[in-house]
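Hello,

Here is the structure I promised to pass on. Please open it and keep it beside you while you read my notes below.

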Amino acid sequence: MGQVEATTERIVTGKPEDVFDALADYRDTRPRLLPQQFSEYEVREGGDGEGTVVHWKLQATSKRVRDCLLEVTEPSDGQLIEKDRNSSMVTTWTVTPAGEGKSRVVVTSTWTGATGIGGFFERTFAPKGLARIYDELLAKLAAETAE
C-alpha cells in the first residue's frame with residue numbers, strides 16, 4: 001500500500017479571505033461549486049468551516065463511488081482540512097494571496113492506495129481523474145468569487 005496524491009491549483013479573482021470564506025461555506029456556497037460527480041450532499045453538523053461535518057458521494061469513475069463523511073478543521077489561516085471518517089482520504093484546501101485582488105487555491109487529496117495491480121492502476125489514474133474533478137470545482141469557484 002502506498003500513499004496516493006492528487007493536487008490541483010488555480011488562480012482566482014478575489015481576496016484570499018473572501019475566497020476562503022466561499023470554500024468554508026458548506027451550507028450555501030460549496031453545494032453550488034460541486035461538479036456532477038458529487039451526489040447526496042448533506043451538511044450534518046455546523047456548516048461554516050471548523051467543526052462542520054458534511055456527507056457526499058463522489059463518483060470518481062463509472063464503477064468507483066466513495067461514500068464520504070468529512071470532518072472539517074481549520075489548522076491555520078487560509079487552510080481547510082477535510083478528513084473522511086469512512087476512509088484514509090484527507091483533502092487540504094489552501095488559499096494564499098496571488099497578487100492584487102487574486103488568490104491561489106491549492107487542493108490536495110491523499111489516501112492510502114490499494115496493493116497489487118489494482119494499486120498500480122489507482123496510483124496511475126486516480127490522481128488525474130480527481131484532478132479533473134477538482135479543476136471543474138475550482139473553475140466554478142473562480143466564477144463565484146469573480147462576481
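Which residue forms a salt bridge with Glu 42? The partner is Arg 44, and the closest N and O atoms are 3.1 Å apart. Bear in mind that this is a predicted model.

Both residues of that pair are partly exposed. Glu 42 has a relative accessible area of 38%. Arg 44 comes to 44%.

**Overall layout**

The protein has three helices and seven strands. From the N terminus on, the elements run β-α-α-β-β-β-β-β-β-α. Of the 147 residues, 46% are buried.

Start with S3 (53–59). Five of its seven residues are buried, so S3 is largely enclosed by the rest of the structure. S2 (38–45) is joined to S3 by five bridges, and the two run antiparallel. Here Glu 42 turns up again: it stands opposite His 55 in S3.

On to S4, which spans residues 65–76. Seven bridges join S3 to S4, again antiparallel. The two strands form a hairpin, with five residues between them. Lys 57 has Asp 67 in S4 as its bridge partner.

**Salt bridges**

Side chains of opposite charge can pair when their charged atoms come close. The count here is seven salt bridges. Glu 42 with Arg 44 is one of them. Two others deserve a look.

- Glu 40 pairs with Lys 57, with the closest N and O atoms 3.7 Å apart. Glu 40 sits in strand S2 and Lys 57 in strand S3, 17 residues apart. Lys 57 is partly exposed, at a relative accessible area of 26%.
- Glu 144 pairs with Arg 32, and their closest N and O atoms are 2.5 Å apart. Glu 144 lies in helix H3 (residues 116–146) and Arg 32 in helix H2 (residues 29–33), so the pair ties together parts that are 112 residues apart in sequence. Glu 144 is partly exposed, with a relative accessible area of 23%. Arg 32 is partly exposed too, at 47%.

**A negative patch**

Which helix gives the most to the negative patch? Helix H1 (residues 16–24) does, with three residues.

Asp 48 lies in the loop between S2 and S3. Is Asp 48 buried or exposed? Asp 48 counts as exposed because its relative accessibility is 60%, and the cut-off for exposed is over 50%.

Best wishes

Methods:
Residues numbered from 1 in each chain as written. Predicted model: local features only at pLDDT ≥ 70, side-chain atom pairs only at ≥ 80, totals over all residues. Heavy atoms only, no water. Helix = DSSP H or I, 4+ residues; strand = E, 2+ residues; numbered from the N terminus. Buried < 20%, exposed > 50% of the residue type's maximum accessible area, 1.4 Å probe, protein only. Pairing = 2+ DSSP bridges. Salt bridge = Lys/Arg side-chain N within 4 Å of Asp/Glu carboxyl O.
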